[in-house]
Amino acid sequence: MNVDVILPCLDEADALPRVIGRLPQGYRAIVVDNGSTDGSADVARAHGALVVTEPRRGFGSACAAGLAAATADYVAFCDADASMDPAELPGLLDRVASGRTDLALGRRVPTSRGAWAPHARFANRVLAVLMRRATGYRLRDLGPMRVMRREQLVALDLQDRRSGYPLEMVLAAHAAGLRVDESDIGYAQRIGDSKVTGTLRGTVNAVRDMSRLLRAYRSGERRPGTVARDSDTSRSGTTTGLEARPTPADTAPLERVVGTATAEVRS
């Protein structure tokens, strides 16, 4: 296998056949079952995927488990909801394999009106602006489809186990002096219900996780550290990462997004 494709999965049984079936030759699907109750793991196995079970809930937990199981020289990430076409992965791989970049991201371009919820799209734009300020990378999307050499990714030692994992990857790559760029990919209406950005509450939680990472990085810490390693963090009131100083000037736009969305959730 040339490329291992990590597919974090929570109740994606209806979408998995399409996603796995669209993988190019030489790309192995690693489906990380993160607590599914709809038989996703069985569907994935039936379609030839390697299935990894990760009982600790969280996008970062699933990604970390998939990376631990990967053995190929290159690792790719893709959502398991069929919103992105895995057939577009070779374009990202080519940029990394040819030495043009170290981390290739897919910049999402909606292919239908309902593909990207307005609140999630707006939050992504704010995050992209703050990400550019923190790193200087000319990025407009924190795209979930991405490709990187496995050894380089493992060396980044990413610690986030919730929604901040994709952002921590970019920040850690910047701290390591790596090159990061993006190119357009199609973004379609997902199959099934969204667990994160398709809901306002999920978007709020994701933005909060990423806000903590950005504050740590903008405060001068070159290593972002951990937002939260598991769901027990919020109950205990402690974090396992860096105790970063807040930087209101840099994070105020993001905090306004969080505040507004939180008010809407509570109402």
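1. Start with strand 4 (residues 74-77) in this predicted model. Tyr74 and Ala76 point one way, Val75 and Phe77 point the other way, and all are buried.

2. Now look at what strand 4 pairs with. Strand 1 (residues 3-9) runs parallel to strand 4 and is joined to it by 4 bridges, with Asp4 partnering Val75. Strand 6 (residues 146-149) pairs with strand 4 in the antiparallel sense, also over 4 bridges, and here Phe77 has Arg146 as its bridge partner.

3. Salt bridges deserve a look too: the structure holds 12. One of them joins Asp102 and Arg179, with the closest N and O atoms 3.2 Å apart. The two sit 77 residues apart, Asp102 in the loop between helix 4 and strand 5, Arg179 in the loop between helix 7 and strand 7. Asp102 counts as buried at 10% relative accessibility, while Arg179 is partly exposed at 40%.

4. Arg107 meets Asp184 at 2.7 Å, N to O, which links strand 5 to strand 7. Arg108 pairs with Asp141, again at 2.7 Å; Asp141 lies in the loop between helix 5 and strand 6, and both residues are buried.

5. Glu12, Asp81 and Arg190 form a salt-bridge network.

6. Finally, check the surface. Arg132, Arg133, Arg138 and Arg140 make up a positive patch. Arg138 sits in the loop between helix 5 (118-135) and strand 6, and counts as exposed because its relative accessible area is 77%, where the cut-off is over 50%.

How values were computed. Residues numbered from 1 in each chain as written. Predicted model: local features only at pLDDT ≥ 70, side-chain atom pairs only at ≥ 80, totals over all residues. Heavy atoms only, no water. Buried < 20%, exposed > 50% of the residue type's maximum accessible area, 1.4 Å probe, protein only. Pairing = 2+ DSSP bridges. Patch = residues over 30% accessible without salt bridge, like charges linked within 9 Å, V, L, I, M, F, W, Y side chains within 5 Å. Areas by Shrake-Rupley, 256 points an atom, 1.4 Å probe, with all protein chains shown as cover. Salt bridge = Lys/Arg side-chain N within 4 Å of Asp/Glu carboxyl O. Lys, Arg positive; Asp, Glu negative; His and termini not counted. Charge placed at Lys NZ, Arg CZ, Asp CG, Glu CD.
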